[in-house]
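Subject: Structure handover

Hello,

Here is the structure I promised to pass on. Please open it first, then read my notes below.

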Amino acid sequence: MKKIVLIGTALLSLSAAAQTEEYPWTIGLYGVKSEYNGDLGNNFFDVTQKFQGMGALSFSRYLNRYFDASLYLAFGRYGSEDLNAAVKSTSQEFKTNMFYGDLTAKYKILSEDYAWRPFIYAGVGVRNLTHISERYLGKDGLDIVPTAGVGCDVALTEHWGLRYMCGYGYGTSDDLDQRECGDFNDQQLLHSLGVTYSFAFKPADKDKDGVPNKYDKCPDTPEGVKVDENGCPIDSDKDGVPDYLDKCPNTPAGVQVDENGCPVDTDKDGVADYLDQCADTPAGVQVDEKGCPVDTDGDGVAGYLEKCPGTPAEAKGHVDANGCEIDSDGDGIPDWKDACPNQAGVAENNGCPKMKEEELKTFKQAVHGIQFETGKSTIKKASNPILDKIVNIMNAYPNIKLEISGHTDNVGKADKNQKLSEDRAAAVRDYLVKKGIADNRMTSAGFGQDKPVADNKTKAGRAENRRVEFNIVYQKMVTKE
């Protein structure tokens with residue numbers, strides 16, 4: 001009987017496997033194995049005993065996060081029969097039909113947020129035993145059975161679940177097995193396994209939104225409006241305006257909206273404030289996708305303020321408030337393409353002053369003034385004075401770059417001449433770098449015997465063709481602001 005009680009209790013607890021506040025009622029159906037401990041022996045967890053089975057039904061109610069209450073009813077066999085006994089003794093075997101019912105409270109160790117939910121429970125039950133036959137010991141009787149146990153729920157779906165329980169019951173009578181000679185009353189152990197289904201009786205729902213009044217935080221929602229779990233109209237974009245009133249339902253989170261749920265546009269230019277990079281645009285001014293006045297020529301000055309509308313986009317940052325190009329040194333070359341914007345110069349030098357004739361002469365002298373070891377790229381020391389002059393000029397004109405090219409005569413193999421010309425141009429470049437000229441201000445290349453300036457058939461012509469040339473390129477200086 002005690003096993004049945006425990007089984008019933010376990011089944012009731014199992015019925016709560018999917019039990020929640022939303023689905024507070026649960027019914028359960030279980031299979032139960034009952035085990036006996038009394039004056040005729042202790043059969044708890046004893047595999048040598050015949051299986052004593054029962055069936056059970058439970059009905060339970062969710063109370064709160066921690067507790068459920070359960071009613072459990074079970075019917076089946078309770079007792080002991082030894083499988084290993086050589087001779088069956090009708091005087092030593094106890095077997096009876098038992099009807100059992102109990103009320104228990106379950107403490108949930110883990111909440112319904114978990115799929116596996118261990119618990120403990122305790123309560124009180126009543127069992128009624130009915131003697132089977134003269135072969136088995138036992139008598140009819142009724143007693144009270146305090147019960148306690150442990151178990152685990154496994155949620156399968158929102159409504160369905162499984163439960164296993166192992167419950168212990170201690171009877172208040174000691175003679176239901178027709179023996180009253182031990183120190184303990186008849187006891188039972190019930191192993192229970194079953195399925196449960198959780199549900200709710202139809203609750204009151206004033207606004208018919210599917211959320212019971214008890215849980216509805218917005219009980220007057222208009223009929224047909226989609227609501228959340230709290231019964232409040234859905235606000236997909238979380239802007240404070242429910243979807244059924246929101247004319248802009250996809251507004252990004254945190255954006256200020258008007259009464260229609262649309263982003264605020266303070267300057268009424270058609271671009272919402274959260275996207276508007278020019279939030280104070282005057283009324284009627286044409287704007288771009290960023291809400292800023294259109295700059296038709298791309299010079300950084302809005303079209304409605306522009307007095308020089310044809311200014312190239314490259315001039316951006318070098319125009320005045322009217323969108324006109326600035327020429328700081330007054331040389332007729334606007335700053336944006338003037339390599340020397342603070343020095344009056346000439347167009348052929350990109351706005352830089354003309355180089356002195358003496359300085360230009362240095363580069364001409366260097367063409368044949370730089371000498372190398374025969375057949376090698378090693379610069380002779382006699383070339384150092386002319387190279388040092390080039391260093392001084394480079395330092396004096398930080399806005400120029402040099403293109404250094406090497407050339408040879410046609411004596412020897414073309415591929416070797418090509419390699420020699422490249423190495424000699426690179427050697428000159430390396431010399432200037434070692435003297436402090438930034439390497440990014442110079443390039444070097446070799447052209448071998450492909451670009452002669454004189455007749456290679458004469459000694460004088462071949463001497464002319466063995467040369468290093470310099471091409472001066474004026475560049476706009478990049479300064480740190």
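What is the handedness of the disulfide of Cys248 and Cys262, and why? The torsion about its S-S bond is about 85°, so this disulfide is right-handed. Bear in mind throughout that this is a predicted model.

**Disulfides**

Searching the whole structure turns up four disulfides. I describe some of them here.

Start with Cys248 and Cys262. Their sulfurs sit 2.0 Å apart. Cys248 is in the loop between β9 and α2, and Cys262 is also in the loop between β9 and α2. The pair links distant parts of the chain, 14 residues apart. Cys248 is partly exposed, because its relative accessible area is 22%. Cys262 has a relative accessible area of 15%, so Cys262 is buried.

Next come Cys218 and Cys232. They form a disulfide with an S to S distance of 2.0 Å. The link is right-handed, with 85° about the S-S bond. Cys218 has a relative accessible area of 23%, so Cys218 is partly exposed. Cys232 counts as buried because its relative accessibility is 16%, and the cut-off for buried is under 20%.

Then look at Cys278 and Cys292. This disulfide has an S to S distance of 1.9 Å. The link is right-handed, with 85° about the S-S bond. Cys278 is in the loop between β9 and α2, as is Cys292, and the pair links distant parts of the chain, 14 residues apart. Cys278 counts as partly exposed, because its relative accessibility is 23%. Cys292 counts as buried, at 13% relative accessibility.

A disulfide needs the sulfurs within 2.5 Å. Cys166 is in no disulfide, and the nearest cysteine sulfur to it is that of Cys152. At 19% relative accessibility, Cys166 counts as buried.

**Two helices**

Now turn to helix α3 (residues 384-396) and helix α4 (residues 414-434). Their axes come within 10 Å and cross at roughly 60°. That angle makes α3 oblique to α4. The crossing of α3 past α4 is right-handed.

Which residues make the contact? On α3 they are Asn384, Leu387, Asp388, Ile390 and Val391. On α4 they are Val428, Tyr431 and Leu432. By type, the residues of this contact divide into six nonpolar, one polar and one charged.

Last, take Asn37. You will find Asn37 in strand β1 (residues 25-38). Is Asn37 buried or exposed? Asn37 counts as buried, because its relative accessibility is 15%. Leaving out residues up to four places away in sequence, Asn37 touches Asn42, Phe44, Asn185, Asp186 and Gln187.

Over to you.

Best wishes

Definitions and conventions: Residues numbered from 1 in each chain as written. Predicted model: local features only at pLDDT ≥ 70, side-chain atom pairs only at ≥ 80, totals over all residues. Heavy atoms only, no water. Axes fitted to C-alpha atoms, helices over the stretch in contact; angles between N-to-C directions. Helix = DSSP H or I, 4+ residues; strand = E, 2+ residues; numbered from the N terminus. Parallel < 35°, antiparallel > 145°, perpendicular 65-115°, else oblique. Left-handed = near helix turned anticlockwise from the far one by under 90°. Contact = heavy atoms within 4.5 Å. Nonpolar A, V, L, I, M, F, W, Y, C, P; charged D, E, K, R; others polar. Buried < 20%, exposed > 50% of the residue type's maximum accessible area, 1.4 Å probe, protein only.
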